[in-house]
Amino acid sequence: MKIIVCGAGSIGQSIVSYLVKGNNDISVIDNNQRRLDELSKEFDVLPVIGEASHPDILERAGAKEADIILAVTDVDEVNMMVCQIAYTLFSIPRKIARIDSEIFLDPIWGAMYNDHHLPIDLIISPNIEVAENILNILQYPGCSGILPVFNNTGYILNLKLNDKCPLLGTPINHICRKNENLDLTVVNVFRNNQYFIPDAYDEFFAGDEINIFVSKDEVYNTISVFGAEKPSNERIVIFGGNAVAKHIAQKLELNDSIISTKIIEEDLDVARKLAKYLSSTIVIQGELLSDVILEEADVGKADATIAITENDKDNLLASLLSTKRGVSSTLSLVNTPSYNNLIFDVGESILVDRRSVTISKLLKELRKAKIKDAYSLSKGNGEIWEISIEEDDVINGKKIGELNLPRLSRVVVIKRGEENICPDPTIILLSGDIILLYVDSQVIRQTENIFA
């Protein structure tokens, strides 16, 4: 697949680092030579220096042969113009634009995004996606990640198991027998620096990180059964006053269970703008990691801290300092793939991977299988696909065991009407079913061929 990525900032880098895993021919356009040099040293891409909105630059990047163009520069208007030129001059089939401005995202202007006006097939808003991901985690203290599926009727929870987990040493197929009110399916387990799909007789150990599927009404019960529950997040401190912080603070101000929200921002102008925009949020201007500022923000009394600056080192350090001051839940935004190596070396801190959150919006467009929805999972090491079975599909009427799925993929659950069915090889798939499928990154192409 020929793909052009316009913009080599943190969003563009995140997207490229994921796209290169597939068999894709990728060009990257940016007007910053240093960014392009860094990207081309790490990945096999064609760097093109210049303005992404200029037709000659797009042509040099291979626009005549492109299947998809992703306009993800820092300027909304440039991204819109890129999609217009891609449509008008080069007839690129799929056009995806990053748009961050609340004005452009307002539903009342939604009619302008079509082939007759602005030909944008998909709009992504990475800052909003990251903010919503963090808000979901805050809502369920004790889980390290939460992914809504089946139109928010089910969730995939990420849990880190410590030595106090009461289910350690229990075979997986005994867990639900011991807890009659619990109904869950284990998606995968991270242990000894690798992910694997466990079988029914595998046991959990301290230090495991697990992804499990549960229905929406069983989330709190599941967290409790695994001994992972934490106090409610009522007092929040945010490090960094960017667009992500602004969106989070807006939503928290509408939440009656939140007692206080504070934002620490170094830039005076940014801090002043935030203070004017937000009503009940306290904005503190000063050095993020200064002891004086941390005392002023009363970080030690916070239930949760959220470090979301553009600097990963600052985010990780802010979380570590918060933990030392007694904060039970700390979240850090990871902007660059290189910091994923540290993801399991920061104790109890929860790391939010910008790349995984962003790419989840795009996966449906990138996969050749007939996918209803798709999400990145396990720090980009796997994916979750929602596949609707239709009357004329080849798999309609087949048993799960007849699909010949690769060893590193599995059907997690089948949604049939309002019922969630735990799969086994003898179950027959029917028209109207929705399959939740886990696919390891190593077998994406093989699995695509089954559902193409």
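Two strands pair if DSSP finds at least two bridges between them. Strands (E, at least two residues) and helices (H or I, at least four) are DSSP runs, numbered from the N terminus. In this predicted model, local features need pLDDT of at least 70, side-chain atom pairs count only at pLDDT 80 or more, and totals for chains, interfaces and linings use all residues. Residues are numbered from 1 along each chain as its sequence is written, and side-chain values use heavy atoms, with hydrogens and water left out.

**Strands E12 and E13**

- Strand E12 (residues 235–239) and strand E13 run parallel, joined by five bridges.
- Arg 235 has Ser 260 as its bridge partner in E13.
- For Ile 236, the bridge partner in E13 is Thr 261.
- Four of the five residues of E12 are buried, where buried means under 20% relative accessible area, exposed over 50%, and partly exposed in between (1.4 Å probe, protein chains only).
- Strand E13 (residues 260–265) is largely enclosed by the rest of the structure, because five of its six residues are buried.

- Thr 261 sits in strand E13.
- With a relative accessible area of 6%, Thr 261 is buried.
- Thr 261 touches Ile 236, Ile 238, Leu 252, Thr 281 and Ile 282, leaving out residues up to four places away in sequence; contact means heavy atoms within 4.5 Å.
- Thr 447 belongs to helix H15 (residues 444–451).
- The relative accessible area of Thr 447 is 0%, so Thr 447 is buried.
- Among the residues that Thr 447 touches are Trp 385, Leu 405 and Pro 406, not counting residues up to four places away in sequence.

**Nonpolar cores**

- A nonpolar core is a set of buried Ala, Val, Leu, Ile, Met, Phe, Trp, Tyr and Cys residues joined through side-chain atoms within 4.5 Å.
- The largest nonpolar core has 49 residues, and Ile 134, Phe 226 and Ile 248 touch the most other members.
- Helix H6 (residues 126–139) gives the most to this core, namely six residues.
- A second, separate core has 44 residues, including Ile 421, Ile 435, Val 439 and Phe 451.
- Phe 226 touches residues including Leu 159, Leu 161, Cys 165 and Pro 166, again not counting those up to four places away in sequence.

**The largest pocket**

- Rolling a probe the size of a water molecule over the atoms shows where empty space is left.
- The volume of the largest pocket is about 1100 Å³.
- A pocket, on a 1 Å grid over the protein atoms alone, is an open set of points where a 1.4 Å probe fits, with protein on both sides within 12 Å along at least five of seven lines; lining residues have an atom within 4 Å of a point.
- The largest pocket is lined by 46 residues, and Asn 133, Ile 146, Leu 147, Val 357 and Ser 360 lie nearest its centre.
- H6 supplies the largest share of this lining, with six residues.

- Most residues other than glycine have a negative phi.
- Ser 91 is not a glycine, yet its phi is positive, at about 50°.
- Ser 91 lies in the loop between helix H4 (76–88) and strand E5 (94–98).
- Ser 91 counts as exposed, because its relative accessibility is 57%.
- Asn 193 also has a positive phi, of about 65°, although it is not a glycine.
- The loop between strand E9 (184–191) and strand E10 (194–196) holds Asn 193.
- Asn 193 is exposed, with a relative accessible area of 69%.

Notes: Points joined across faces, edges and corners; volume = space filled by probe spheres on them.
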